[in-house]
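Visitor: Could you take me through one part of this model closely, and show me how that part sits among its surroundings?

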Amino acid sequence: MLVLSGDLVMKADKSHYIELYQYIRTFTHNPIYAIPGNHDDIVLMQELATQENLFKIHDVIQICGNDVIFLDSSEKGEYLGGGKIDIAYFETIKSKLRENSNKIIFIHHPPFKIGADWFQKICLDNGDLLMKSISEINHLKYLAYGHCHNYFIEERENTIFLSCPSSWVQFDHTCHDEIKYDQKIAIGFNVFHLSDDISHHTITISDH
(Lines give C-alpha, C1' and ligand atoms only; values in the text may rest on other atoms or scores of the structure.)
Protein backbone atom coordinates (compact mmCIF):
# COMPACT_ATOMS: atom_id res chain seq x y z
CA MET A 1 0.00 0.00 0.00
CA LEU A 2 1.01 3.61 -0.52
CA VAL A 3 0.48 6.37 2.06
CA LEU A 4 0.60 10.02 0.99
CA SER A 5 1.41 12.08 4.07
CA GLY A 6 -0.25 15.35 3.09
CA ASP A 7 0.20 18.28 0.72
CA LEU A 8 -0.91 16.14 -2.19
CA VAL A 9 -1.42 19.27 -4.30
CA MET A 10 -0.37 22.92 -4.11
CA LYS A 11 -3.96 24.11 -4.57
CA ALA A 12 -6.89 21.97 -3.45
CA ASP A 13 -8.90 21.45 -6.62
CA LYS A 14 -10.84 18.42 -7.85
CA SER A 15 -8.98 18.26 -11.15
CA HIS A 16 -5.60 18.40 -9.40
CA TYR A 17 -6.46 15.46 -7.12
CA ILE A 18 -7.76 13.40 -10.03
CA GLU A 19 -4.69 14.15 -12.13
CA LEU A 20 -2.37 13.12 -9.28
CA TYR A 21 -4.31 9.92 -8.66
CA GLN A 22 -4.24 8.97 -12.33
CA TYR A 23 -0.51 9.68 -12.50
CA ILE A 24 0.25 7.47 -9.47
CA ARG A 25 -1.98 4.74 -10.87
CA THR A 26 0.42 4.38 -13.81
CA PHE A 27 2.98 3.04 -11.31
CA THR A 28 0.94 0.93 -8.89
CA HIS A 29 -2.42 -0.84 -8.54
CA ASN A 30 -2.05 -1.18 -4.77
CA PRO A 31 -4.34 0.69 -2.35
CA ILE A 32 -3.47 4.38 -1.90
CA TYR A 33 -4.24 6.03 1.43
CA ALA A 34 -3.97 9.77 2.01
CA ILE A 35 -4.04 12.25 4.87
CA PRO A 36 -4.44 16.01 4.37
CA GLY A 37 -1.74 18.63 4.78
CA ASN A 38 -2.02 22.39 5.03
CA HIS A 39 -2.40 22.67 1.23
CA ASP A 40 -5.24 20.15 1.12
CA ASP A 41 -9.01 20.23 1.61
CA ILE A 42 -10.10 17.24 3.69
CA VAL A 43 -13.78 17.71 2.84
CA LEU A 44 -13.02 17.61 -0.88
CA MET A 45 -10.70 14.63 -0.39
CA GLN A 46 -13.46 12.74 1.44
CA GLU A 47 -15.99 13.56 -1.26
CA LEU A 48 -13.66 12.36 -4.00
CA ALA A 49 -12.84 9.19 -2.08
CA THR A 50 -16.53 8.31 -2.25
CA GLN A 51 -17.58 9.75 -5.60
CA GLU A 52 -14.51 9.11 -7.73
CA ASN A 53 -13.00 6.12 -5.91
CA LEU A 54 -9.75 8.00 -5.48
CA PHE A 55 -7.42 8.02 -2.48
CA LYS A 56 -8.74 6.04 0.48
CA ILE A 57 -9.56 8.15 3.57
CA HIS A 58 -9.65 6.24 6.88
CA ASP A 59 -8.78 6.85 10.50
CA VAL A 60 -7.71 3.29 11.48
CA ILE A 61 -7.03 0.14 9.48
CA GLN A 62 -5.54 -3.21 10.48
CA ILE A 63 -2.67 -4.74 8.52
CA CYS A 64 -0.84 -7.95 9.44
CA GLY A 65 -1.92 -7.63 13.06
CA ASN A 66 -0.84 -3.98 13.29
CA ASP A 67 -3.04 -0.91 13.79
CA VAL A 68 -2.36 1.85 11.25
CA ILE A 69 -3.70 5.27 12.28
CA PHE A 70 -4.23 8.23 9.93
CA LEU A 71 -4.60 11.67 11.57
CA ASP A 72 -5.91 14.92 10.12
CA SER A 73 -3.81 17.94 11.17
CA SER A 74 -5.02 20.23 8.39
CA GLU A 75 -7.01 22.58 10.63
CA LYS A 76 -5.30 25.97 10.28
CA GLY A 77 -2.82 26.90 12.96
CA GLU A 78 -1.85 30.30 14.31
CA TYR A 79 0.69 30.84 11.50
CA LEU A 80 0.12 30.20 7.79
CA GLY A 81 1.13 26.61 7.12
CA GLY A 82 0.68 25.46 10.71
CA GLY A 83 -1.85 22.87 11.79
CA LYS A 84 -3.99 21.63 14.66
CA ILE A 85 -5.50 18.30 15.57
CA ASP A 86 -8.88 17.59 17.12
CA ILE A 87 -7.79 15.91 20.35
CA ALA A 88 -11.33 14.80 21.22
CA TYR A 89 -11.59 13.04 17.86
CA PHE A 90 -8.18 11.44 18.42
CA GLU A 91 -9.43 10.04 21.72
CA THR A 92 -12.30 8.44 19.76
CA ILE A 93 -9.79 6.93 17.36
CA LYS A 94 -7.77 5.57 20.28
CA SER A 95 -10.84 3.66 21.47
CA LYS A 96 -10.68 1.62 18.24
CA LEU A 97 -7.11 0.46 18.85
CA ARG A 98 -6.34 -3.02 20.07
CA GLU A 99 -4.46 -3.25 23.35
CA ASN A 100 -1.69 -5.63 22.31
CA SER A 101 -1.24 -4.67 18.66
CA ASN A 102 1.79 -2.82 17.35
CA LYS A 103 0.85 0.60 16.02
CA ILE A 104 1.99 3.27 13.58
CA ILE A 105 0.59 6.80 13.22
CA PHE A 106 0.70 8.90 10.05
CA ILE A 107 0.20 12.66 10.36
CA HIS A 108 1.24 15.63 8.22
CA HIS A 109 2.53 18.14 10.80
CA PRO A 110 5.33 17.29 13.24
CA PRO A 111 3.86 16.88 16.75
CA PHE A 112 6.73 18.85 18.31
CA LYS A 113 8.95 21.79 17.37
CA ILE A 114 11.67 20.78 14.97
CA GLY A 115 13.94 22.22 12.30
CA ALA A 116 14.67 25.86 11.45
CA ASP A 117 13.36 28.69 13.62
CA TRP A 118 10.83 29.82 11.01
CA PHE A 119 9.60 26.26 10.55
CA GLN A 120 9.02 25.67 14.25
CA LYS A 121 6.19 28.21 14.08
CA ILE A 122 4.28 26.03 11.60
CA CYS A 123 4.45 22.67 13.32
CA LEU A 124 1.42 21.32 15.20
CA ASP A 125 -0.03 24.09 17.38
CA ASN A 126 -1.37 21.70 20.01
CA GLY A 127 1.36 19.13 19.63
CA ASP A 128 1.95 19.02 23.38
CA LEU A 129 -1.60 17.73 23.86
CA LEU A 130 -1.13 15.13 21.13
CA MET A 131 2.15 13.96 22.64
CA LYS A 132 0.49 13.59 26.03
CA SER A 133 -2.34 11.59 24.47
CA ILE A 134 -0.13 9.24 22.46
CA SER A 135 1.98 8.55 25.58
CA GLU A 136 -1.02 6.53 26.78
CA ILE A 137 -0.92 4.21 23.72
CA ASN A 138 0.74 0.85 24.21
CA HIS A 139 3.07 -0.52 21.52
CA LEU A 140 3.22 2.64 19.43
CA LYS A 141 6.24 1.82 17.28
CA TYR A 142 6.27 4.78 14.87
CA LEU A 143 4.83 8.22 14.35
CA ALA A 144 5.57 9.24 10.77
CA TYR A 145 5.07 12.81 9.56
CA GLY A 146 5.69 14.99 6.52
CA HIS A 147 5.60 18.79 6.14
CA CYS A 148 9.26 19.50 6.97
CA HIS A 149 10.64 18.63 3.49
CA ASN A 150 13.64 16.88 5.00
CA TYR A 151 14.61 13.80 6.97
CA PHE A 152 14.47 13.77 10.76
CA ILE A 153 14.44 10.78 13.08
CA GLU A 154 14.51 10.40 16.85
CA GLU A 155 13.29 7.92 19.43
CA ARG A 156 11.25 8.91 22.47
CA GLU A 157 10.08 6.32 24.99
CA ASN A 158 10.24 3.40 22.54
CA THR A 159 8.46 5.28 19.75
CA ILE A 160 10.37 6.35 16.63
CA PHE A 161 9.36 9.78 15.31
CA LEU A 162 10.25 9.86 11.65
CA SER A 163 9.80 12.43 8.91
CA CYS A 164 9.45 11.67 5.23
CA PRO A 165 11.76 13.36 2.72
CA SER A 166 9.67 15.41 0.32
CA SER A 167 9.00 14.02 -3.14
CA TRP A 168 9.37 17.58 -4.47
CA VAL A 169 12.27 19.55 -2.93
CA GLN A 170 13.94 19.69 0.50
CA PHE A 171 14.05 22.66 2.89
CA ASP A 172 17.41 23.91 4.15
CA HIS A 173 16.79 23.77 7.90
CA THR A 174 20.17 25.36 8.66
CA CYS A 175 18.71 28.67 7.41
CA HIS A 176 16.68 29.99 10.34
CA ASP A 177 15.41 33.33 9.02
CA GLU A 178 13.68 32.43 5.76
CA ILE A 179 12.64 29.53 3.55
CA LYS A 180 15.51 28.22 1.48
CA TYR A 181 15.75 25.02 -0.52
CA ASP A 182 18.67 22.60 -0.50
CA GLN A 183 18.98 21.28 -4.03
CA LYS A 184 21.74 18.88 -2.98
CA ILE A 185 19.46 16.75 -0.79
CA ALA A 186 17.72 14.03 -2.77
CA ILE A 187 13.98 13.47 -2.74
CA GLY A 188 12.79 10.28 -1.11
CA PHE A 189 10.27 8.18 0.77
CA ASN A 190 10.04 5.76 3.67
CA VAL A 191 9.27 2.06 3.37
CA PHE A 192 7.60 0.42 6.37
CA HIS A 193 7.55 -3.33 6.90
CA LEU A 194 4.50 -4.52 8.85
CA SER A 195 4.58 -8.09 10.12
CA ASP A 196 4.99 -9.27 13.71
CA ASP A 197 6.78 -5.99 14.31
CA ILE A 198 7.16 -2.69 12.43
CA SER A 199 10.45 -1.56 10.90
CA HIS A 200 11.47 0.85 8.18
CA HIS A 201 14.12 1.98 5.76
CA THR A 202 14.40 5.22 3.84
CA ILE A 203 15.03 5.47 0.11
CA THR A 204 16.39 8.59 -1.57
CA ILE A 205 16.42 9.20 -5.30
CA SER A 206 19.02 11.37 -6.98
CA ASP A 207 18.01 13.25 -10.13
CA HIS A 208 21.49 12.80 -11.58
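Guide: Gladly. In helix α2, residues 42–51, the buried residues are Ile42, Leu44, Met45 and Leu48; buried means under 20% relative accessible area, exposed over 50% and partly exposed in between, with a 1.4 Å probe and protein chains only. These residues lie on the same side of α2 because they cover an arc of only 160° around the axis, taken from the directions from the helix axis to the C-beta atoms. Helices here are DSSP runs of H or I with at least four residues, strands are runs of E with at least two, and both are numbered from the N terminus. This is a predicted model, where local features need pLDDT of at least 70, side-chain atom pairs count only at pLDDT 80 or more, and totals for chains, interfaces and linings use all residues. Residues are numbered from 1 along each chain as its sequence is written, and side-chain values use heavy atoms, leaving out hydrogens and water.

The cover over the buried residues of α2 includes α1 (14–25) and β2 (32–34), counting heavy atoms within 4.5 Å as contact. On the face turned away from the buried side, you will find the exposed residues Thr50 and Gln51.

Now for the two ends. At the start of α2, a side-chain oxygen of Asp41 comes to within 3.0 Å of the backbone nitrogen of Val43. After α2 comes Asn53, with a positive phi near 55°.

Glu52, in the loop between α2 and β3 (60–63), is 38 residues from Lys14 in helix α1. Their side chains form a salt bridge (3.3 Å, N to O), that is, a side-chain nitrogen of Lys or Arg within 4 Å of a carboxyl oxygen of Asp or Glu. Lys14 is partly exposed at 39% relative accessible area, and Glu52 is partly exposed at 34%.

Notes: Polar contact = N/O pair within 3.5 Å; in protein donor to acceptor, adjacent residues only side chain to side chain.
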